[in-house]
Amino acid sequence: MKAAERGVWKSTELRRRLADAGLEISAGKMSALWTGTPTTIRLDDLDIVCDVLDCEPNDLLIREPAVVAARRPVRANVAAGGTVTPRLGRNRTLPPA
């Protein structure tokens, strides 16, 4: 949306503008950025994107609390009546008597 607000309607145009600002992006990474599904982006690169689009990182990032919650490991809640399973240490022999 921010690109459209700045008159950039094609990913190739944004890629050219980013290159003019010193950020060379591969076609695959540009495609992910353009479609809104990038897996990663370096903060330095995000700074250049924001400079080119004259916006703030908040304007480009969308929080996804459900995705974060899904990645959390499931933990047993002992206080709510969950069971505790003891961890067994290494099998050690008893000291001499």
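Helices, in the sense used here, are DSSP runs of H or I with at least four residues, numbered from the N terminus. The model described in this report is predicted.

**Overall composition**

The protein contains six helices and zero strands. Followed along the sequence, the pattern reads α-α-α-α-α-α. The protein has 97 residues, of which 16% count as buried. Of the contacts between residues at least 6 apart in sequence, 43% join residues at least 24 apart.

**Helix H2 and its two partners**

Two packed helices are described by the angle between their axes and the distance between the axes.

| Pair | Residues | Axis distance | Crossing angle |
|---|---|---|---|
| H2 and H3 | H2: residues 11-20; H3: residues 27-35 | within 10 Å | roughly 115 degrees |
| H2 and H4 | H4: residues 43-53 | within 10 Å | roughly 110 degrees |

The axes of H2 and H4 thus cross at roughly 110 degrees, which makes H2 roughly perpendicular to H4. In this contact, H2 contributes Leu14, Arg17 and Leu18, while H4 contributes Ile48, Val49, Val52 and Leu53. Sorted by class, the residues of the contact of H2 with H4 comprise six nonpolar, no polar and one charged.

The crossing of H2 with H3 is right-handed. On the H2 side, the contact is made by Ser11, Leu14, Arg15 and Leu18; on the H3 side, by Ala27, Met30 and Trp34. By class, five nonpolar, one polar and one charged residues form the contact of H2 with H3.

Asp54 lies in the loop between H4 and helix H5, which covers residues 57-60. Is Asp54 buried or exposed? Its relative accessibility is 59%, and a residue counts as exposed over 50%, so Asp54 is classed as exposed.

The backbone of this residue also deserves attention. Most residues other than glycine have a negative phi. The phi of Asp54, however, is near 50 degrees, which is a positive value in a residue other than glycine.

Methods. Residues numbered from 1 in each chain as written. Predicted model: local features only at pLDDT ≥ 70, side-chain atom pairs only at ≥ 80, totals over all residues. Heavy atoms only, no water. Helix = DSSP H or I, 4+ residues; strand = E, 2+ residues; numbered from the N terminus. Buried < 20%, exposed > 50% of the residue type's maximum accessible area, 1.4 Å probe, protein only. Contact = heavy atoms within 4.5 Å. Axes fitted to C-alpha atoms, helices over the stretch in contact; angles between N-to-C directions. Left-handed = near helix turned anticlockwise from the far one by under 90°. Nonpolar A, V, L, I, M, F, W, Y, C, P; charged D, E, K, R; others polar. Parallel < 35°, antiparallel > 145°, perpendicular 65-115°, else oblique.
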